[in-house]
Amino acid sequence: MWLTYPRKAIQFVSMSRSAGIGCPGAVSIDLNEATSPSYWLPHLDGVEAVVNCAGVLQDSPKDSTSMVHHRGIANLFAACEQLKIRRVIHFSAIGVDRQTPSAFSETKLSGDKALIARDLDWIILRPSVVIGRAAYGASALMRGLAALPMLPVMPNTGQLQIVLLEDVVRTVQHFYSPERPHGQLSNWSARIAILSSKSLH
């Protein structure tokens, strides 16, 4: 999650579970503890925009898909509305609105709906697999598969359309400006699906 502060040459502050690991000035948060909007208020003081990138693939002893994708960020959106932080850019995932929901997609979609219901200038981005230079998550999986002497063939699968991390960053930069369209949702593979608050009116 990234926060931006006004009148400070667009200063960004990272808030994550791994704060402090190679990221000076980062703030440690725990979405499992974000059970009310009040949890977010001290962290949002002086903030003018929020970019929410939080996500987990499945439930674990440390992570709850419900809290990370829905309840925790629903309280974040409520706190933004309370503090009049208008611009919220929210990362969902492609395909969450399809008829075969998993816990991941169901909670992601619930988080999307929680943001849409708020009086905010929001943008929802739904990327497919994001590939970056750092070997983490999907990037590590794709690189590992590419290194195999042969590729496994799985049933009921198709071609994977990836999104480059650099394109993701450029898209966030584009929508950060208050003058840009808002209220848009974007399904993002080789293209972008954008849902914004303005597109629903």
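This is a predicted model: local features need pLDDT of at least 70, side-chain atom pairs count only at pLDDT 80 or more; totals for chains, interfaces and linings use all residues.
Asp 63, at 14% relative accessibility, counts as buried, where buried means under 20% relative accessible area, exposed means over 50%, and partly exposed lies in between, with a 1.4 Å probe and protein chains only.

Residues are numbered from 1 along each chain as its sequence is written, and side-chain values use heavy atoms, with hydrogens and water left out.

Let me turn to the strands. Helices (H or I, at least four residues) and strands (E, at least two) are DSSP runs, numbered from the N terminus. How many of the residues of strand 5 are buried? Five of the five, residues 87–91, are buried, so strand 5 is largely enclosed by the rest of the structure. Both of its faces are covered, with Arg 87, Ile 89 and Phe 91 buried on one side and Val 88 and His 90 buried on the other.

As for its neighbours, two strands pair if DSSP finds at least two bridges between them. Strand 4, residues 49–52, runs parallel to strand 5 and is joined to it by four bridges, with Val 51 having Ile 89 as its bridge partner. Strand 6, residues 121–127, is also parallel to strand 5, through five bridges, and here Arg 87 has Asp 121 as its partner. Strand 4, helix 1 (residues 65–82) and strand 5 together make a right-handed β-α-β unit; right-handed means that, with the strands pointing away from the viewer, the path from the first strand over the helix to the second runs clockwise.

Next, the aromatic rings. The structure holds one aromatic pair. The ring centres of Tyr 39 and Trp 40 are 5.3 Å apart and their planes stand at 90°, so the pair is edge-to-face; rings of Phe, Tyr and Trp (its six-membered ring) pair if their centres lie within 6.5 Å, and planes under 30 degrees apart count as stacked, over 60 as edge-to-face and the rest as tilted. Trp 40 is itself buried, at a relative accessible area of 0%.

Finally, Leu 148 is placed in the loop between helix 3 (138–146) and strand 8 (162–164), and at 41% relative accessibility Leu 148 counts as partly exposed.
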